[in-house]
Every structure is written in structure tokens, then in C-alpha cells.
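Here are some notes for a colleague who is meeting this structure for the first time.

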Amino acid sequence: MSRYMINTWEPETPSFWQTTGKATAARNLWISIPALLLAFAVWMVWSVVVVNLPNIGFTYSNNQLFWLTALPGLSGATLRIFYSFMVPIFGGRRWTAISTGSLLIPAIGIGLAVQDVNTGYPTMLILALLCGFGGGNFASSMANISFFYPKASKGFALGMNAGLGNLGVSVVQFVVPLVITFAVFGAWGGESLTWVKNGVSKDMWLQNAGFIWVPFIALSTLLAWFGMNDLASAKASFSEQAVIFKRKHNWLMCWLYTGTFGSFIGYSAAFPLLIKIQFPDVNPLDYAFLGPLVGALARVAGGVISDKLGGARVTLWSFLLMIGAVLGVLYFMPQGGIGGNFNGFFWMFMLLFAGTGIGNASTFRMIPVIFLTEHQRAAAGKDKAAQEQAIVDANKEGAAVLGFTSAVAAYGAFFIPKSYGTSIALTGSPDAALWCFIGFYVSCIAITWWCYARKNAPMPC
């Protein structure tokens with residue numbers, strides 16, 4: 001038996017939690033967070049790279065650039081479906097190390113590819129797809145951390161893991177514009193590229209957008225391998241986990257989490273390019289990182305608030321906030337290429353990111369509560385062994401649902417950028433896409449209220 005395997009894990013038992021469980025869970029959480037942050041950074045690196053490709057001589061159309069922005073979302077979401085079930089099969093420690101180490105492939109690949117303007121567009125598409133490795137990590141990371149914490153602390157733990165992990169989106173959009181301005185790795189990092197704009201040229205090391213993450217990924221992989229744990233009680237085959245596909249609440253929460261996390265990651269991916277197209281006189285990289293930063297920090301706060309007020313109530317209000325913010329974005333955008341107010345546009349987007357962040361935490365807090373309640377209802381009146389087994393089964397199903405809903409929701413990273421691109425191509429503006437998003441949020445409000453938030457709701461949470 002591996003020394004990293006924990007055979008007895010009872011977080012719902014207060015004495016165990018205080019003497020042994022809490023410290024072990026915290027160690028696994030704090031190693032998981034930077035690994036997840038790096039995963040998000042690699043997943044979203046194209047949101048910054050595409051803005052700079054035309055500056056150094058890559059001749060791609062706006063539609064081609066939107067495809068490069070959107071494809072990591074498509075592959076990341078698809079990988080999440082598989083990653084959702086990996087922790088109970090391989091173990092949280094092992095899978096975290098493997099999935100984090102895989103990020104080296106796209107990080108090094110991008111660093112090599114952008115140094116040659118003759119690199120083919122199909123190569124760039126493949127590298128964009130490989131960045132989906134970062135997107136896939138979220139599903140397994142959240143499933144893993146959910147096993148370590150008791151019901152009363154799941155909102156906090158999942159909010160910290162996801163919220164600080166989500167900071168990777170903001171970090172990549174803040175760090176990359178800085179590190180591409182000088183030779184971080186000296187001669188090892190390759191020659192500079194020439195950026196020419198309005199007759200003025202300067203040196204750029206766009207390859208650092210990929211290379212800068214390599215040492216951190218390697219260190220995080222080693223920390224996961226030697227510092228985390230596997231839980232024997234979390235072991236389950238795919239067939240045992242596949243029962244979630246028969247659960248109504250799995251599909252309902254997929255819909256709601258697409259509204260929250262799908263919005264967060266989709267807006268994050270498309271925000272820089274949307275600014276560049278709608279407000280061409282504004283440098284998008286001066287502002288783009290602030291949206292994901294607000295959303296990530298709001299998620300941390302949302303987890304704590306949801307533990308106190310209940311996930312469903314907070315989710316309901318977050319969707320109302322998001323509708324108001326999208327209406328504000330529509331009001332302040334240019335119409336027919338004329339007018340527009342960037343300050344108003346920017347602050348409405350900040351409000352929108354805050355709403356997505358809070359909703360991310362509250363929906364994820366709902367999931368383990370729903371499945372624990374459902375299993376405890378089924379075990380009510382039975383002996384102690386049956387009630388303890390109900391908790392084990394609920395944790396396994398809840399973890400699988402956390403991963404699977406995150407997989408479905410991650411398609412937002414593909415659909416939102418592509419919706420903007422399609423709307424602009426067909427109508428000349430992104431307005432039609434934004435009105436569709438509002439309609440989707442209305443449906444989310446209806447589901448949340450009817451199933452979870454109203455008085456006498458069938459599954460209050």
C-alpha cells in the first residue's frame with residue numbers, strides 16, 4: 001500500500017476532522033490551488049496571444065482569431081467529461097500530478113510556434129486544442145477536493161480551490177503582456193520578434209507567453225506527486241460513477257452551472273478581443289485581466305456567503321445581477337460602429353464578472369448538498385451502517401456531478417467567443433449574442449426558483 005494512500009477518512013465525524021482531517025485536507029487544498037491556477041493560465045493563454053499575433057506578422061482574419069480563442073474551450077470542455085471520473089479511478093494525488101505535468105506540452109509548443117511567422121494555421125489550431133489540457137484539470141481538481149471536506153465546509157473549500165484557481169485567467173492576462181517585453185530566459189528563450197505599429201517598431205518575445213509557465217508547471221507537478229494524498233474511500237469504477245446520468249439533479253445543475261461558470265470562462269476568453277473590436281483605440285491588455293480577477297475573487301466570497309445563506313438563494317440573485325449587467329453592456333456599446341462609452345462598458349462587464357463568480361461558488365455549493373440530502377432521505381430510519389454508507393455514496397456521486405457539470409459548463413469557453421464572432425459576421429455587432437445570453441439566464445432563474453429556492457421547493461439547498 002502506498003504511503004500516500006489514506007484508508008480511513010471520516011470528515012463528517014467532528015473528532016476525526018479536528019484531530020487529523022482538517023490539516024490533511026488543508027495541505028491537499030493548498031497544493032491543488034496553484035496547480036489549478038496554472039491549468040487555467042495555460043487554458044486561457046490564447047486570449048492574450050491572439051491579440052498579439054497580427055502585431056508580429058501573422059495574417060489571420062478576425063474569424064480565424066476567434067477560432068483560436070474558442071478552440072481551447074471546446075477541447076477543455078470535452079476533456080472535462082473524461083477527467084470528471086479520473087480521481088476515483090487513479091487517485092487524486094496521482095491524477096493531479098499527471099494532469100498538471102501534461103500542461104508542459106502546449107506551453108512549450110506555443111513558445112516554439114510563435115517564433116516563426118511561417119508557422120501554419122493548422123499548427124496553431126492544434127496547439128489551441130492542446131491547451132484544453134488546462135481546461136480538463138478543473139473537473140478532476142474539484143472532484144478531488146470535494147472528497148476531503150465535510151458538508152459544512154464544502155462551499156469554502158470548493159470556493160477557494162476554484163476561486164483562486166480561476167485567478168489563472170487573470171494572471172495570464174496580466175503576466176503575459178509583461179513577460180513578452182523582455183528576454184526572460186536570455187539566449188535560451190529564442191530571438192526577439194519585431195512589432196511594427198504606426199511606423200514604430202519594438203522588440204517582442206511572444207514565445208514567453210508559453211515558456212514562462214514551464215518552470216512553475218514542473219514544480220507544481222512535483223509538489224502534487226510528493227505532497228498530496230489518495231483516499232481509499234474515494235475509489236470507484238466508472239460504472240459506479242455513471243449512475244449520475246440517471247439523476248435528474250445532475251442535468252439541472254449542468255444547465256445552471258453553464259449559466260455561471262460557462263459565462264465566466266466564455267467572457268474571460270473573449271473579453272480582450274471584444275474590447276479590441278468594439279473600442280479599437282483602447283489597448284485591451286490594459287484592462288482584460290481585471291474581469292477574470294473580479295470573477296475569481298467573487299467566487300471565493302461566494303463560497304463563504306453560500307455556506308451561510310444557502311446556495312440556491314445566492315444563485316438566484318447572481319443570475320438577476322448578470323441580467324442587469326448584460327443590459328448595461330448593451331447600453332454602453334457602440335451602435336453601428338458609432339458612439340459607445342468604454343468606461344460604462346468596462347464597469348458593466350466588471351459587474352457581470354462579479355455575478356458569474358458568485359454564481360460559480362453558489363451552484364457548486366448546491367451540488368454536494370443536493371446529493372447528500374437525497375441519499376440521507378433514502379437512508380432515513382435505517383441502521384447506522386446504512387446511514388454511513390449513504391454519506392460515502394453521496395460524496396462519490398456529488399464529486400462525479402461536480403466534475404461532469406464543470407465539463408458541460410466549460411463549453412461556454414467555446415460558445416461565447418463563437419457567438420460573438422457569428423453575431424458580428426451576420427449583423428455587424430455582438431448585440432444578438434448578448435440578447436441570447438439574457439434569455440438563457442432567464443431560464444436559469446426559473447429552474448433555480450422552482451426546484452431549489454422557493455418555499456416548499458422539492459430540494460431546498
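1. A crossing is called right-handed if the near helix is turned clockwise from the far one by less than a right angle, and left-handed if the turn is anticlockwise. With that in hand, and bearing in mind that this is a predicted model, the crossing of α13 and α18 can be described as right-handed. The axes of α13 and of helix α18, which covers residues 412-427, come within 6 Å and cross at roughly 35 degrees.

2. Where these two helices meet, α13 contributes Gly262, Ser263, Ile265, Gly266, Tyr267, Ala269, Ala270, Leu274 and Ile277, while α18 contributes Gly412, Ala413, Ile416, Pro417, Tyr420 and Ile424. Sorted by class, this contact of α13 with α18 holds eleven nonpolar and four polar residues, with no charged ones.

3. The second pair is helix α3 (residues 62-83) and helix α17 (residues 384-409), whose axes come within 7 Å and cross at roughly 165 degrees. Because angles over 145 degrees count as roughly antiparallel, α3 is roughly antiparallel to α17. The crossing of α3 and α17 is left-handed.

4. In this second contact, Ala77, Arg80 and Ile81 of α3 meet Gly403, Phe404, Ser406 and Ala407 of α17. By class, the contact of α3 with α17 has four nonpolar residues, two polar and one charged.

5. The largest nonpolar core has 142 residues, of which Trp46, Leu53, Phe349, Tyr420 and Tyr452 touch the most other members. Helix α13, spanning residues 248-278, gives the most to this core, with 15 residues. Leaving aside residues up to four places away in sequence, Trp46 touches Leu53, Leu68, Thr69, Pro72, Ile110, Met124, Leu127, Ala128 and Cys131.

Technical notes
Residues numbered from 1 in each chain as written. Predicted model: local features only at pLDDT ≥ 70, side-chain atom pairs only at ≥ 80, totals over all residues. Heavy atoms only, no water. Core = buried A, V, L, I, M, F, W, Y, C linked by side-chain atoms within 4.5 Å. Buried < 20%, exposed > 50% of the residue type's maximum accessible area, 1.4 Å probe, protein only. Helix = DSSP H or I, 4+ residues; strand = E, 2+ residues; numbered from the N terminus. Contact = heavy atoms within 4.5 Å. Axes fitted to C-alpha atoms, helices over the stretch in contact; angles between N-to-C directions. Nonpolar A, V, L, I, M, F, W, Y, C, P; charged D, E, K, R; others polar. Parallel < 35°, antiparallel > 145°, perpendicular 65-115°, else oblique.
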